[in-house]
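Let's take a quick tour of a protein model. Have the sequence and the 3D view open while you read.

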Amino acid sequence: MISITGPGIIELKVNGETRQVLVRPADTLLHALREGLGLTGAKPGCENGDCGACTVLVEGWPVKSCLMLAAEAVDREVVTIEGLNNAPIQREFVERFAFQCGYCTPGFIMNAQGLIDIHPDAGDEVINDWLQSNICRCTGYQEITEAVKAALQASRPPISQP
Amino acid sequence: MIPFDFEYHRPATIKEAVDTFAQLDTAGRNPRYYGGGTELISMARMNNLSFGAVVDIKDIPECRVMESDGDYFIMGAALTLTQLHEDNSFPLLAQTGARVADHTIQNKITLGGNICGTIIFKEALLPLLLTDSEAVLADPSGLRTVKIMDIYHEKLEMNPYEFVVRVKTLLPYLGLSHIHVKRTKQDKINYPLATICALKADDQIRVACSGVCRFPFRSLAMEQVLNDRSRAPADRVEQALHLIPGETLDDLEGSSGFRQFVVGKLLQDIINNLGAS
Amino acid sequence: MSTSIIGTDIIRKEAWDKVTGRAKYNSDISYPGLLHAVQVTSTCAHGYIKRIDYSQAITMKGVKKVITGGYYSFLTGSVLADRPPLAIDKVRYYGEPVALVIADSEAQAKAAATRVVVEYEKLVTVDSPSAAMQPEAPLIHPDLAQYRHVIEQVYPAANTNINNHEKIRKGDMDKGWNESEVIIEARYSLPSADHIAMETRNVRAEILPDGQVLIYSSSQAPFGIRKQISDHFGFDLGKVIVHVPLVGGGYGGKAAINLEFLAVMASLAVDGRPVVVSNTREQDIASSPSKVSLEAYVKLGASKDGILKAGQYTYIVGTGAYTDTGPRMGTSMTVNCTGPYNVENVWCDAYCVYTNHTYVTSFRGFGHSSFSFAVERTMDKLAAALQIDPLQLRRQNAIQAGHTSPTGVKLTESILGNVSGCLDKVEKMINWSEGDRIETDTNLVRAKGVACFWKTSNSPTDAISSATVTFNSDASVNLNVGAVEIGPSTKSTLAQILADTMKLDFNKVHVEMEVNTRTSPHHWKTVASMTTFMVGRAVEEAAHDAIRQIQSLAAIALQCSPSDLTLGEGQVYFKDDPSIFVDLAEVVHGYQFPDGSTIGSQVVGRGTYGMPRLSPLDRNTGGGKPGPYWTPGAQAVEIELDLNDCSYTILRAATVLDAGKVLNPRAAKGLVMGAMGMGLGLGSREYFIYDKDQRLQNDSLRTYKVMRIGEQPEYLVDWVETPHQASPFGARGLAEHGIIAIYAALVNALSRAAGIEFDQVPVLPETIWQKREGMI
């Protein structure tokens, strides 16, 4: 059993590294990442699970880190935007002008990365289902949709010729 | 930022969970069982809810099963709505869960958390009510299995230290014709004006609704009227609206009048689609 | 020779920082020792503060101080000084800050804030602009007449709720009505709404022992912050240093100076230690300023063949509990009150009034989207009455060079742009000729609506901008400007202008992303879609200044006259013989002769710009020149309405605007699409909901709904390019404009589809149902 009864050090596996961080049991994963580990790519936008700016991957699945306790992440693999390295989805966001102010971008990219990893064959409906979890106030979403589709395309294995 | 402090416990077994919960309660810690936690975290941040400890049930193996035992499809209470949706063995539940909150939050919301929470919609209950599903509950005295309909009276009535370990549904129900519809004020990601699940069993339509009044419901009286083939469908719907077992909600999402209009349209569609024998 | 990068899709400088999580926004910086201040906000929309009891809060762990309105009292405002940063004696809207709790950690401050007890004695509330105008309405500001006027052109009416009244009196109304064979009048109502920048407002402040005040803010107006903090707290202007890094969206909302006052007060309360104050999302919506509400009355007269003869426009602008830039938005509405149509006889009144709602500030479009809704809905009604195609009615009344604006500006093609050219293009784009209402199924109707806009800036007549250009020894260049990067790729567009003017490789231009009021040259504020024009002019001048310096030095090196030389490809060379050159790198840090002696030094270019010949508007007629040029455009929306359940889908949305010259097409298209999306949100779902006590009910993103992916239409964007001769490359501002007429076009389409006139926004499925059932 894992018990954390007061402020203390916990170990988190983030971006492939095991790191120690001081948390209150009531602290969210978002808070621990930003304030404890300096991983400020995940952004607070509402701290209520509505906007998706704080999305990270936990065990490969997108999670709003404002709706997860840091304590819950113990023994789970967490990947933040800082853990992506020149991923196709990042390139597509750049090349397709899929952001303006950029504040929602890490959350969108992490959600999209989860989708690419789990459902590389996703069609329009699944893309929308997943990405409706995030809000962008700048773009109107056209370029984001295009970037996600392009990154999905890039991640699919080429169809072998008969 | 949650302004108050609480303890976090993540037991590995049912026994650890119920014992921990009981000890915390005895010690005056005001504990809560914790599934996905999305509701507890957001309410705690707003100071709308306080507690001194949480007991996270997600590491308990029995809470994570998703399997058939030959008679029943068994779903652990800590399964996320996404896991149920991706698996899709129980299509009506899968579809219903796939319209709760948004997809990323569905990766966190658990079946047990959704049906036991304080938010009034609890949409995952609807398919369970329609399929006569059962729940396995645990407390320090052990496990017991109950029909969900029997302990559901506007909320699940459980013993003080009890939590839902898993839910079971007889396999034949999973393949029945069904409909899930959710109408909102305007946006897809929103609380429902009305969510209705319908199922056709033994040539009879069953319906359960959420968002219509302050609690989800399955009304046998409404079903009786809706199945009365001696009457025109429009009459049946009209009559069924009078049988909604509570005051129709009138709130930010919509007026009670509009909700009734929406429910009427949805019931009409359900009769049209499931009605023909 | 290198080809011009103007008109190419350059990728913004900070793009990779933004996709890797490395881009730093203001709240990404925290450090041990930074104290946290949490706002306690009013739960009452109008009332006297009877008691604030923080005796329990102050004893709680980590709490350093609790301050209330009496701690450092002054009234602030950008037009009328009417707002205490912390309420004094009285609260005037739900969410108004009444106390600040300062503690070691955010959790401690927040925990203590919940223990601050405030008692109110409720006052009768004012719930709408028209209610504010009633003679018996409660006075929200009984001391209105005593408030300091921050600018001259503001006309509050003592002992009323009217904080400004602006007028346009143009032509001869009697003549206009007499010539009108068809007259249409209508009333409209538009609620307040919110900017919803994804980054909520947050500020850190620290006061050093030597009197320097360090402010780190998420703001569109760093120089405005410096001025107001200096004025109100009595710090020397030069000792106030405001830092603004990348900003996570503004849309006008971060032009208001708001939390900065609270952060400085908090720091003063703890002996100058660093303190951060951040809005929760709920506070960002309810407590910080929002969008104006509007009640409008429009009366249009036209001849039988559809030529506008007269227009009367009454705009009652709800500014909420305080003015901020509200009165200026009233002015802005009068300036363009007719929409982009030629109306020779104009009578316009804009009354800005207080209500017990969240106060307002600039919002994308600066009032234009609100009044344009009223004008464009009325144009559709006029078209119906005249039995003229609504697009054709607009085309035949489109304002043109040779006409005068409502304030009497003589319009040229350069100043105005081309309205009818935009209409012609949008007509084809949306396939208008197929018909504007088509029944596609038993219950489905597809319909289209069109609307036009124009906007000029209405900026202060003394607004100025500057730029500095410093060369590095590798012949790369650093550009420093006072404009903030809030999202539109502003800094990269300025780099583009610099690169093109100096014939430099774009990658050799480095832009300082942060604004630091001590080291960045001045810029009025990053608003009004004016940055590319104003700062762009300053950048051009700085570039020319640097070129002159380079030519002078290179002329010495090459033993010629500076005018013999030109720049390009990293070289300075003879115009008529590029084979005679000196490398740019050899002359940007002084030129060293073969014998080792050196002449000259670093090339430092400077440029400034102020807008010439703008004039304040005449108090009685509104006459004057409010802005340097207009950006006009035409928009159309196609929807599909389900008559069975009253739901609808926005299928396509089109905008054609006269951009003068499109500098970065994809970035520009993105801005226009984003503005369209925001406007479609306002038309279809976004609004503030108040209860009977005027408490805001939807202050979270759970309940204040914005459009999400998949709900947006197919966006169609195209340009007309009529250069504004005084702008860099002829470019007109375009960052706001996609919002202006888009929801008018949406509601024109919905009205057409349903056969019901909708005179309010948002139009929800329930609105359609209620109207159909005759309930509203």
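Predicted model: local features only at pLDDT ≥ 70, side-chain atom pairs only at ≥ 80, totals over all residues.

Residues are numbered from 1 along each chain as its sequence is written, and chains are lettered from A and ligands numbered from 1 in the order in which they are written.

**Chain B overall**
- Chain B has 12 helices and 12 strands; these are DSSP runs numbered from the N terminus, with helices being H or I of at least four residues and strands E of at least two.
- Its C-alpha trace spans about 60 × 45 × 30 Å along the principal axes.
- The radius of gyration of chain B is 19 Å, which agrees with the value near 19 Å for a compact globule of 277 residues (taken over C-alpha atoms; the rule is 2.2 Å times the number of residues to the power 0.38).

**Packing in chain B**
- Of the 277 residues, 55% are buried (20 or more other C-beta atoms within 10 Å of a residue's own, with C-beta atoms placed from the backbone).
- Take the contacts with a separation of 6 or more: 59% of them join residues 24 or more positions apart (contact means C-beta atoms, placed from the backbone, within 7 Å).

**A covered helix in chain C**
- In helix H2 of chain C (residues 106–113), 8 of 8 residues are buried, including Glu106(C) and Lys110(C).
- Strands S1 (35–41), S3 (63–68) and S5 (97–103) of chain C are among what covers them.

**Where B meets C**
- Here 16 residues of chain B are in contact with 20 residues of chain C.

Note on methods. Buried ≥ 20, exposed ≤ 12 C-beta atoms within 10 Å, placed from the backbone. Contact = placed C-beta atoms within 7 Å.
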